[in-house]
Amino acid sequence: MIITRQKPFEEIQEMTAPFDKLFVIGCGTCSTSCQTGGEEQVAEMVERLGDKVIGSAMVEEPCDLRIDRKDLKAHRGTISEADAILAMSCGVGVQTIGDYTDKVVLPALETLFIGETERIGKFYDRCMACGECILDETGGICPITRCAKGLLNGPCGGQVEGKCEVGEYINDCAWVLIYNRLNEQGRLDLFTKFRPPRDYSKKTLTTELIF
Ligand code: SF4
Ligand code: SF4
């Protein structure tokens, strides 16, 4: 899931100030689960922004152009009258809504990471979409995301009793987690496998996928 956090209201007010007529769009998927852009949060935002809001809608998945077309069809008239749209979705949703409409689309949320959900309000950063997944070699624990230095070949000298030196020894050292997991799985041979520097072109050049 894409994890988001709502921007401070003062920032949203400042961003929306130049526009007299706003249309607010919420996200029925990730932002609903994060409680940052679900029906309740959209209703709160509409109330807080007051008279300048001329309409609002929920889109099941604003990051999917097909669903924007379907869910916003009934609102096209109102949207055409708006000066700007406030999107309560991740940055992908903001951009997709921008592709669907010819309006200025403003982001109400900060997009934080691709995360694992433990419960509503407790999420963990788990994947940076690197384009070269090595979870098969690391016991299903991602060192790119969970090691503060993104190390590929075991821990640095900064771990103490399984905790990472970055951030005052609060977070687990990813490489200690990886060692323990591989040990449990009887796959420790993978721990000493050398992994060459990553080819970052696989990440930076993957800007679209068509099949
Ligand atoms: S290695 Fe980590 S960052 Fe890369 S795709 Fe796999 S989980 Fe995501
Ligand atoms: S202590 Fe562990 S998690 Fe922290 S930077 Fe070093 S290897 Fe990475």
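1. The model is predicted. The protein has nine helices and seven strands. Its radius of gyration is 21 Å, whereas the globule rule gives 17 Å for 211 residues, so the protein is more spread out than a compact globule.

2. Extent and packing. Along the principal axes, the C-alpha atoms of the protein fill a box of roughly 60 × 40 × 25 Å. Of the 211 residues, 27% count as buried. Among contacts between residues at least 6 apart in sequence, 57% join residues at least 24 apart.

3. The largest core. In soluble globular proteins, nonpolar side chains tend to be buried together. Here the largest nonpolar core has 28 residues, and those with the most contacts inside this core are Val24, Ile25, Ile85, Ala87 and Met88. Two or more residues each come from β1 (2-6), β2 (22-27), α3 (39-49), β4 (84-88) and α6 (91-100). The most is given by β2, with five residues.

4. Ile25 as an example. Leaving aside residues up to four places away in sequence, which residues does Ile25 touch? They are Ala57, Val59, Pro62, Ile85, Ala87, Met88 and Ile97.

5. Met88. This residue lies in strand β4. Is Met88 buried or exposed? Met88 has 30 C-beta neighbours inside 10 Å, and a residue is buried at 20 or more, so Met88 counts as buried. Not counting residues up to four places away in sequence, Met88 touches Val24, Ile25, Gly26, Cys27, Ser31, Thr36, Gly37, Gln41, Val42, Met45, Ala108 and Leu109. Met88 and Val166 are 78 residues apart in sequence, and their C-alpha atoms are 32 Å apart in space.

6. Ligand 1. The residues that surround ligand 1 are Cys127, Met128, Ala129, Cys130, Cys133, Ile134, Leu135, Cys142, Ile144 and Thr145. By class, this shell has nine nonpolar residues, one polar residue and no charged residues.

7. Ala129. This residue, part of the shell around ligand 1, is placed in the loop between β7 (122-127) and α7 (143-146). Phi of Ala129 is near 50°, a positive value in a residue other than glycine. Ala129 has 11 C-beta neighbours inside 10 Å, and the limit for exposed is 12 or fewer, so Ala129 counts as exposed.

8. Glu168. The loop between α7 and α8 (174-184) holds Glu168. Phi of Glu168 is near 65°, again a positive value in a residue other than glycine. Glu168 counts as exposed because it has 8 C-beta neighbours inside 10 Å.

Terms used
Residues are numbered from 1 along each chain as its sequence is written. Chains are lettered from A and ligands numbered from 1 in the order in which they are written. This is a predicted model: local features need pLDDT of at least 70, side-chain atom pairs count only at pLDDT 80 or more; totals for chains, interfaces and linings use all residues. A nonpolar core is a set of buried Ala, Val, Leu, Ile, Met, Phe, Trp, Tyr and Cys residues joined through C-beta atoms within 7 Å. Helices (H or I, at least four residues) and strands (E, at least two) are DSSP runs, numbered from the N terminus. Two residues are in contact if their C-beta atoms, placed from the backbone, lie within 7 Å. The radius of gyration is taken over C-alpha atoms; the globule rule is 2.2 Å times the number of residues to the power 0.38. A residue is near a molecule or strand if its C-beta atom, placed from the backbone, lies within 6 Å of it. Ala, Val, Leu, Ile, Met, Phe, Trp, Tyr, Cys and Pro count as nonpolar, Asp, Glu, Lys and Arg as charged, and the others, Gly among them, as polar.
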